[in-house]
Amino acid sequence: MNAPEKIFLPDVQSSLDERNIVIQKVGIKSVRHPVQLKTKAGTQSSVAMIDMTVKLPGNIKGTHMSRFLEVLQNEHRPLDFNTVRELMTNMLNRLEASEGHIDLRMPLFLNKVAPVSGVESLLDYDLHIKAAYEKGVLRYILQVQVPVTSLCPCSKKISQYGAHNQRSHIVIAAELTENMDAEDLIKIAEQAASCELWGLLKRPDEKYVTEKAYENPKFVEDLVRDIAVALEHENKVVAYEVSSENFESIHNHSAYAWLANDKRTNH
């Protein structure tokens, strides 16, 4: 009996397609895969949901789906700016493609120290890494979703005592020209908030965060504008999108703001 590798099997994917219609993105989607993340504190393990796609010429019937997994399985280095770019190069070479996209979505856990008691706890953030190679140009976007506290300036101004506050989700998507740690973007978001969050707080900490938020009221518009000012001073960031959704405590709807800027076209 012939060995399996000796048996001829037709390569249907590489056959000619007479419809000649280009497909901009074809590949694998929502692959759950263990990854390593490079952080300021060292390498961290996580589990990512991954999409990998390439552009398919109009005259080729299909792409080779198994090759995406081959490329992914062969990458064991911690993810950062350089390794994701190399992962893109490896994917394009293996798939013999001229354009491609890689999206990786995963949780990131940071150890945080409470502001008064000093007790340590983990806080989770949503991390999204996006790479795109189109028309000979590779774009790398680092995105974080950061939970924070915001306190309403109007409520504080018009009330004799107290002010309503809420938890907010800030999303920063920064296009980078070199490596930037996710912690740096998270810090920018937390510094713009009325107060940052911690996983574990003791009573002295609760007093601190309550009073800090009260002394630092922010509209949803203030949040995105303050973050934009900080990003304008980051030389590694060439373009960005910033949004905040404030989950209102006195309404059954959210307050929302979004802005974007491409420094390459505005400077």
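The lining of the largest cavity draws its largest share, three residues, from β1, and β1 (23-39), β4 (120-134), β5 (137-151) and α4 (182-192) each contribute at least two residues; helices (H or I, at least four residues) and strands (E, at least two) are DSSP runs numbered from the N terminus. This is a predicted model, in which local features need pLDDT of at least 70 and side-chain atom pairs count only at pLDDT 80 or more, whereas totals for chains, interfaces and linings use all residues. Residues are numbered from 1 along each chain as its sequence is written, and side-chain values use heavy atoms, with hydrogens and water left out.

The structure holds one cavity of 30 Å³ or more, and the largest cavity has a volume of about 130 Å³. On a 1 Å grid over the protein atoms alone, a cavity is a set of points where a 1.4 Å probe fits but cannot get out, while a pocket is an open set with protein on both sides within 12 Å along at least five of seven lines, and lining residues have an atom within 4 Å of a point. Grid points are joined across faces, edges and corners, and a volume is the space filled by probe spheres set on the points. Of the 15 residues that line the largest cavity, Lys-38, Leu-79, Leu-142, Met-180 and Ala-182 lie nearest its centre. By class, this lining has nine nonpolar, two polar and four charged residues, where Ala, Val, Leu, Ile, Met, Phe, Trp, Tyr, Cys and Pro count as nonpolar, Asp, Glu, Lys and Arg as charged, and the others, Gly among them, as polar.

Turning to the open sites, the largest pocket has a volume of about 270 Å³, and among its 15 lining residues Ala-41, Phe-109, Leu-110, Asn-111 and Glu-183 are the closest to its centre. Here β3 (100-113), β4 and α4 each supply at least two residues, and the lining comprises six nonpolar, three polar and six charged residues.

The second largest pocket, with a volume of about 220 Å³, is also lined by 15 residues, of which His-33, Pro-34, Val-35, Gln-36 and Glu-75 lie nearest its centre. The largest share of this lining, four residues, comes from β1, and its residues divide into seven nonpolar, six polar and two charged.

As for the whole, the protein chain has seven helices and nine strands, and its C-alpha trace spans about 85 × 40 × 35 Å along the principal axes.
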